[in-house]
Amino acid sequence: MTEPSPLLAARGAGRRFGQTTALEPVELEVWDGDALALVGPNGAGKSTLLALLAGALEPSAGRIERRKGVRVGWAPQRPAQYGHLSARENLELFARLEGEADPHAAAERLLDAFELPGEAAPSANLSVGNRQRLNLAIALLGSPGVLLLDEPTAALDPEQRRRLWERVATLRAAGGAVVFATQNVDELERTATRVAALRDGRLVFAGPAGEYDRSRVETLSA
Amino acid sequence: MLRKDVLVLRRSPLLLGILLAYPLVIAVLVGLVAGYGSAKARVALVDEDNLPATVVLGGHTFHVDRTISEVSKNVKLVRLSADEAAQQLRDGRVVAVLTVPPGFISTLRGMVKSPQLRLDLSTGTISTRVEQQVQALVYSLNRQLQHAYIASNLRYVTLILHGGDGSFVGAPITVLGIENAQRLLAGMPETTRTRALLDFLHDARLALANTGDALRSTAHPIELVRGPARGRTWVLSANVQAYALGLTITFLALMLAAGSLAAERDENVIGRLARGLIGLGHLVWAKIALAAAVALVLGLAIALAFGVIIEVGGVTGGEPWRRLPLLVVGLVLAGGSLGALGALLGALAREARAASLVALLVVMPIVFLGLIPAEIVPPAGWVSNALPFAHSVRFFRSALYDLSPWGEVAWQALWLLVLGAIFGGLARLGARRLLV
């Protein structure tokens, strides 16, 4: 009988940009059903850790492990899409790249789900909120088992926030997991099952959400 | 990714407009240059000597107007008064004034000293070319006169040999001639003196018998014989077309590949793609393919527009029609090779604006290096050989001009392939910088 492995894990994974250390080596595991919140001030290394977990960046040290067959969806903090393409064209392009069997149908489904405009207007002309919806919709292509969301609700209205967390809950209920960076205490308390706190590129706390004491962590890491 | 890039290109009206207008502008300019290359410069002829309809020189009769039209094939001579010619030279309606000064014909008839023609040139950039054309005109005239002068001199030689009636500087003369002198001496009693005179006359007769060839070779110590043409079209037209194509696709392919690769980072998409959706090598390849596709479409547009301009303008040679299939191969290879270099610049610059600026700044030195003859500045030739522009131009020139271009075209195609592979490989390595 094989030992269970995490959906996603950082094994001493760290990242340097030239002489600057963005993230000291980190040990972190993401398990089925997890809702792991990454917290910390600006520049703490949350986005770098998410990019490493997503495979968008290669670690300078250590490695990232992914359970076989698990797909990862990633929504970076700044929307990642082609401004000259419409929302539909962006979705169809990334659906094709993600290996969706029917890219057109997948694009239609997500356009409806996120209430995105279907016309041919370039996505660069969309509102900030709609661009973020498109960013999240692209992350959901390819039926990911793990969602990596970098401050996903920053530009969303309350209704869209609610729908997003509903989707996350559905994913977790199906055995998936979510890792999200947030500055929102309310989201942290409502959604997170575990918390990883970062400060100045170092992991200063990792544990159940109930054990996370923000003021104590800040004192420890100061 | 290539489809996406083409779609993005279509969505950029300004860029698309430039891409469409640029080849047309280049084609028109090239057409004008090609037209200028074969056009006859308008030159004023000021006749201050009242040239007669015919001139007899050394027994040859020259019809002045016919002779002028025969020797002035490269310029259009128009007869004007001195004042009109000066005015038109100032206005730029004629590019030069050729003046026949008073006493020209009488000096010419005298055959003692050379008469002079005066040439006044405009200060424009083509004055050097016009001076060369007028020099060619005078050279042609001199050749015709030389034939007359030699014939005239040979008549004197014949008179000296055989004796008879003739004229010298217009005055009638009767010459005994060497042969008659020999006969006279032969009838005289043989003495030491008559023997010496007969020996001299014998030697003189032998020497004068070869005077004709000697005079002709003196007139033309070196004769230039043009070899058979190796090309199928007029070489200037093929050259300007090759440079127009090379310059256009260098500009476009570098800018497009550099800008579009760096734009993947600007749009923050590079990280999404690099998660295993698409390899960096694939991404670089897509930009090279985009550059090759655009180079093909716009290069063909230029070649077609150029061909039409040549046909409409009646310019001799340079028609690209029969070599279009070969041009297609060259455009794809050159566009791809230049696209690989552009992708490398894009990877190094990392930002679309910076990449486009760098590409723009790099285009000019690349082109100038390609224009410097390697025989004159060898290091420029070495650097130029390491860049695709010069090989692109050589490919196009050979494809458009050479009667049998296959060897040269294959060699330049190999260069473009190798350079494309090297720059493409470097761009793939450099593309990792886009992830930072």
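## A buried strand in chain A

A residue is called buried here if 20 or more other C-beta atoms lie within 10 Å of its own, with the C-beta atoms placed from the backbone. By that rule, in this predicted model, strand S7 of chain A, which spans residues 177–181, is mostly covered, since five of its five residues are buried. The covering applies to both faces of S7(A): A:Ala177, A:Val179 and A:Ala181 are buried on one side, and A:Val178 and A:Phe180 are buried on the other.

Strand S7(A) also has partners. With strand S3 (residues 35–39) of chain A it pairs in the parallel sense over four bridges, and in this pairing A:Ala35 stands opposite A:Val178. With strand S6 (residues 146–150) of chain A, S7(A) again pairs in the parallel sense, over five bridges, and here A:Val146 stands opposite A:Ala177. Between S6(A) and S7(A) the chain passes through helix H5 (residues 158–173) of chain A, making a β-α-β crossover that is right-handed.

## The two domains of chain A

The domain assignment divides chain A into domain 1, made of residues 1–70 together with 145–222, and domain 2, made of residues 80–142. The C-alpha centres of these two domains of chain A lie 25 Å apart. Where the domains meet, seven residues of domain 1 are in contact with six residues of domain 2, and the residues on the domain 1 side comprise five nonpolar, one polar and one charged.

## Where chain A meets chain B

Between the chains, 21 residues of chain A are in contact with 17 residues of chain B. Helix H1 (46–54) and helix H2 (87–98) of chain A are the elements that give two or more residues to the chain A side, and H2(A) gives the most, with four residues. Sorted by class, this side of chain A has 14 nonpolar, four polar and three charged residues.

## An open sheet in chain B

In chain B, four strands form an open sheet with mixed pairing, in the order S4-S1-S5-S6. Strand S4 (75–79) and strand S6 (118–121) of chain B stand at the edges with a single partner strand each, so one side of each has no neighbour in the sheet. Neighbouring strands of this sheet are turned against each other by 25 degrees on average, direction ignored.

Strand S5 (residues 96–100) of chain B runs antiparallel to S6(B), and four bridges join the two; B:Val97 stands opposite B:Asp120 in S6(B). Helix H4 (residues 82–91) of chain B packs on the sheet, where it touches strand S1 (41–47), S5 and S6 of chain B, and the direction of H4(B) makes about 155 degrees with that of S1(B).

Methods:
Residues numbered from 1 in each chain as written. Chains lettered and ligands numbered in written order. Predicted model: local features only at pLDDT ≥ 70, side-chain atom pairs only at ≥ 80, totals over all residues. Domains from an automatic or database assignment. Contact = placed C-beta atoms within 7 Å. Nonpolar A, V, L, I, M, F, W, Y, C, P; charged D, E, K, R; others polar. Pairing = 2+ DSSP bridges. Axes fitted to C-alpha atoms, helices over the stretch in contact; angles between N-to-C directions. Buried ≥ 20, exposed ≤ 12 C-beta atoms within 10 Å, placed from the backbone. Right-handed = clockwise from strand over helix to strand, strands pointing away.
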